[in-house]
Amino acid sequence: MNTRLMSALATVTFGLAVLSGLAFLGTGVTRMLDDGAVCVETGFWANARLAPDGLPVAKGVEASGSLTRLCQDSPSVGQRAADLGGELPWLLFGALALLLFSRLLTTVLRQGPFTEAVARRLTALGWFVTVGTPLAGLVVGWSRSWLVGSMAPVVGSGPTVTGPMVLVLAGLAGVILGKIMREGVRMREDLEGTI
């Protein structure tokens with residue numbers, strides 16, 4: 001095992017976790033102190049036809065909108081909080097996932113790759129990604145949905161999930177590999193005990 005590469009990866013991963021944490025804090029503080037408009041995009045009117053007058057389209061072409069951008073000049077506290085809920089969960093999720101991965105790499109460096117501690121850290125990282133991905137996606141999706149509903153009541157709001165849900169598969173793979181590693185460690189300890 002190349003410990004120099006592993007050490008560099010652990011350091012870089014920890015640095016990225018710190019940067020993501022600072023981005024989380026910085027975004028939260030600047031958004032709370034900002035007194036400007038709050039904007040959100042919605043695809044509710046995705047198939048709405050646009051009036052062809054003034055659009056540079058050929059004769060016989062229909063134009064339709066895809067995304068509508070809504071902005072509130074003087075947002076309420078709830079709208080400001082929903083705006084924060086549309087961005088901060090993924091930054092927090094990324095910072096914590098990178099921190100857990102950095103701790104996993106550090107444990108591999110200190111104790112070796114096939115140990116009980118590494119199996120536990122891998123399982124913990126896997127569960128965090130498996131549960132945290134849909135949770136962060138739900139908070140972001142519902143915040144944006146509520147924000148759109150507060151600006152355009154005709155749209156309404158409800159629970160929606162956004163983001164890369166494929167990360168759940170990666171998290172489950174981490175959980176399974178952690179369990180496999182734990183069984184391998186137990187088998188090795190049993191073999192060493194019988195010899």
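Four salt bridges were counted in the predicted model, a salt bridge being a side-chain nitrogen of Lys or Arg within 4 Å of a carboxyl oxygen of Asp or Glu. The model is predicted, so that local features need pLDDT of at least 70 and side-chain atom pairs count only at pLDDT 80 or more, while totals for chains, interfaces and linings use all residues. Residues are numbered from 1 along each chain as its sequence is written, and side-chain values use heavy atoms, with hydrogens and water left out.

Asp-83 pairs with Arg-31, with 2.7 Å between the closest N and O atoms. Asp-83 is buried, at a relative accessible area of 12%, whereas Arg-31 is partly exposed at 24% (buried, under 20% relative accessible area; exposed, over 50%; partly exposed, in between; 1.4 Å probe, protein chains only). Arg-31 also forms a salt bridge with Glu-87 (2.4 Å, N to O). Glu-87 lies in the loop between helix 2 and helix 3, so the pair ties together parts that are 56 residues apart in sequence. Glu-87 is partly exposed, with 32% relative accessibility. A further salt bridge joins Glu-183 to Arg-186, at 3.2 Å between the closest N and O atoms; both residues lie in helix 5, three residues apart, about one turn of the helix. Through shared partners, Arg-31, Asp-83 and Glu-87 are joined into one network.

The largest nonpolar core has 13 residues, and Leu-104, Val-118 and Met-181 have the most contacts inside it. Such a core is a set of buried Ala, Val, Leu, Ile, Met, Phe, Trp, Tyr and Cys residues joined through side-chain atoms within 4.5 Å. Two or more residues each come from helix 1, helix 3 and helix 4 (116–151), with the largest share, six residues, from helix 4. Apart from this core lies another, of eight residues, including Val-40, Leu-70, Ala-82 and Leu-147. Beyond its neighbours within four places in sequence, Met-181 is in contact with Pro-113, Phe-114, Val-118, Ala-119 and Leu-122, contact meaning heavy atoms within 4.5 Å.

Val-166 is placed in the loop between helix 4 and helix 5 (167–194) and is exposed, with a relative accessible area of 58%. Val-166 and Thr-133 are 33 residues apart in sequence and 8.8 Å apart in space, C-alpha to C-alpha.

Terms used: Helices (H or I, at least four residues) and strands (E, at least two) are DSSP runs, numbered from the N terminus.
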